[in-house]
Amino acid sequence: MDVALIPPMLVSSGFLPTGSFLESLIHICNEICSMEKLPFLQVRNISTMIRRIKLLSSLFEEIQETNGPLPPSSILCLTELFSVIRRVKSLIQECKDCSFLWGLMQMELVSNQFYVLVKELGRALDILPVSLLNITADIREQIELLHRQAKRAELFIDLKEVKIREELLVLMGSNNERNKKNKGFVELGKVKDVLSSIGLRSSMDYEEEISKLEAEAQKQAGSGGLIVVCNINNLISLFSYCKSMVFVDNEFEATNKEEFKLLGSTPSNRYYDHSSSSQSIIANIPDEFRCPISLDLMRDPVIVASGHTYDRNSIAQWINSGHQTCPKSGQKLIHMALIPNYALKSLLHQWCEENNVPEIGSSQSSSSDLERSNSKRDSCENAVDHISVVKAAVDAVKLTAEFLVGKLATGSPDIQRQAAYELRLLAKTGMDNRRIIAEAGAIPFLVTLLRSHEPRIQENAVTALLNLSIFNNNKILIMAAGAIDNIIDVLESGNTMEARENAAAAIFSLSMIDDCKVTIGKRPRAIPALVGLLKEGTPAGKKDAAVALFNLAVCPANKVSLVVAGAVPMLIDLLMDDKAGITDDALAVLALLLGCSEGCEEIGKSRILVPILIDLLRFGSPKGKENSITLLLGLCKDGGEEVARRLLMNPRSIPSLQSLVSDGSLKARRKADALLRLLNSCCFQSQNQMTV
């Protein structure tokens with residue numbers, strides 16, 4: 001049997017992409033290649049990605065010009081490429097639109113996004129039958145080279161941008177010894193040079209950057225991420241200070257000096273009119289130092305849930321009067337916590353000293369009060385480094401985690417709910433945060449809260465444990481705290497569907513460790529509860545349950561439990577459920593269950609599985625095709641002539657297998673070839689029996 005040839009029926013015009021689809025591919029490629037004013041960050045990642053898109057654009061144009069028939073596998077490849085290219089465009093546009101400073105802080109994350117897209121590009125090209133396309137040799141060589149480069153690509157982080165970020169953090173760090181001695185930024189030329197290197201050269205550039213940072217703060221505030229919002233607001237405060245220092249008006253300063261001489265007074269008299277008993281009259285205060293409510297110089301700046309900063313007294317009066325919205329944006333506040341803006345407070349202190357403005361309430365302070373004030377300033381200066389992604393944020397996270405764990409231990413149910421929610425968010429943002437939260441002792445309290453009858457407390461607790469479990473060391477701590485039984489309770493009968501689904505995701509995460517697979521599998525309610533979620537959950541919940549069952553099925557001792565729990569018919573039903581969207585996950589679990597006799601027997605009972613698998617050989621994903629051919633080959637070996645006969649009776653089976661031998665992955669080609677030989681052998685035996 002010559003399996004290398006593609007049957008004529010596979011080159012059917014019914015499988016060809018429409019002209020409009022190719023036009024869409026070419027159009028989106030041209031949009032990316034013609035982008036103007038590219039950002040100063042991620043320069044190499046963006047330029048390399050645009051070069052790759054230009055090569056693909058040449059391929060699409062040539063395919064459009066030939067206007068000939070295409071192999072069916074090219075349709076899937078073009079669809080995958082369109083999805084990847086669209087995400088490339090979105091990522092580059094985000095790099096253009098976002099704040100440069102925030103982009104620097106998120107450098108590793110953005111670089112990884114480019115890396116993931118390159119790898120997905122390579123995987124899409126895996127299924128492109130270049131040898132079967134009617135394209136020129138030059139284009140074929142370029143695409144093959146692009147494919148090899150994408151497969152070999154590594155994560156790239158620009159060391160120049162890393163250096164710029166480190167220089168910026170050093171200059172802005174108020175715990176820097178030089179800044180302590182000189183009371184602020186004395187190397188204004190250096191500040192200007194560093195910011196100029198990322199495209200910030202004029203006052204208008206600075207104002208635009210501040211607006212982008214404010215927009216990012218509001219965006220993050222919508223999800224309740226207090227730590228992230230604090231980071232961004234600290235950047236805004238520091239950058240506003242830089243703007244006022246770098247673009248100072250010399251003539252205005254000279255005029256001020258003449259005014260001081262004419263008035264015969266010290267500069268402090270210019271800011272305060274001590275004859276006024278009602279309030280102090282302050283002039284020429286930078287806007288960023290004024291409270292948006294009172295318009296006076298802020299004494300104790302705090303950040304509210306919307307991300308905006310106010311003077312503590314003013315915003316406290318606003319909230320106490322019954323308001324639940326942000327005065328500046330009108331946005332509803334998701335909580336009423338007031339987070340100290342240490343960065344702005346430190347800058348206020350520096351500004352007051354440099355301009356000889358006495359801080360209100362300090363004139364009658366005793367020596368002990370002065371010492372306390374100095375110590376507070378030192379703590380504020382240390383807190384400015386909260387914006388440092390690498391090191392200084394650790395201290396802030398540690399303090400926050402300890403504070404929240406204390407609220408979990410002793411707070412009222414409302415306080416516990418809010419504290420669990422904040423820990424849930426904090427545990428989303430990085431491995432260091434997850435480690436610090438666990439070290440603060442959060443895990444035992446979160447495990448206890450899983451039994452809460454208050455839906456939001458339970459939901460926040462199980463989601464926080466899920467996020468914490470991503471850090472491998474925490475998996476052991478969570479299991480040691482006796483969490484698994486409580487998590488299974490939530491999975492089985494949680495107060496909300498989201499809590500149940502996150503419990504399934506937590507089991508998936510914990511079962512990444514082999515010992516945990518055994519421990520969870522021995523719990524008699526765990527696997528049946530996951531199978532139940534396969535039936536009752538949302539599409540996302542069904543996927544969480546399926547991947548958790550896959551992890552557990554890797555352990556041979558758990559396979560029989562999955563079969564007994566009724567997983568096989570449920571998984572087969574999900575293969576036909578387009579809305580669930582977990583075809584590949586269901587196939588992967590079924591392929592694992594072939595490894596035990598009970599699973600193989602249960603799978604063989606299904607009369608609808610073989611036709612479904614044949615269709616998936618034609619239209620499934622690369623991974624889905626691999627698992628489909630694995631199931632068919634296993635069923636033929638175990639079921640013998642009966643399954644082989646059902647395959648041979650289906651007119652789509654042989655063409656689908658031949659196509660897979662030609663265009664499939666290495667693993668799929670090998671198994672498809674083995675199945676074709678097996679079917680050929682069955683046909684030969686049947687013919688001999690008929691002859692006899």
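Trainee: What share of the contacts with a separation of 6 or more is between residues 24 or more positions apart?

Mentor: Contact means heavy atoms within 4.5 Å. In this protein, 71% of the contacts with a separation of 6 or more join residues 24 or more positions apart. The model is predicted: local features need pLDDT of at least 70, side-chain atom pairs count only at pLDDT 80 or more, and totals for chains, interfaces and linings use all residues. Residues are numbered from 1 along each chain as its sequence is written, and side-chain values use heavy atoms, with hydrogens and water left out.

Trainee: Where does F40 lie?

Mentor: Helices (H or I, at least four residues) and strands (E, at least two) are DSSP runs, numbered from the N terminus. F40 is in the loop between helix 1 (19-33) and helix 2 (43-66). Its contacts, leaving aside neighbours within four places in sequence, include F100, E161 and R201. E161 is 121 residues from F40 along the chain, with 9.3 Å between their C-alpha atoms.

Trainee: Is Q42 buried or exposed?

Mentor: Buried means under 20% relative accessible area, exposed over 50%, and partly exposed in between (1.4 Å probe, protein chains only). Q42 has 6% relative accessibility, so Q42 counts as buried. F40 is partly exposed because its relative accessibility is 37%.

Trainee: What is the phi of Q42?

Mentor: Most residues other than glycine have a negative phi. Q42 has a positive value, near 55°, and sits in the loop between helix 1 and helix 2.
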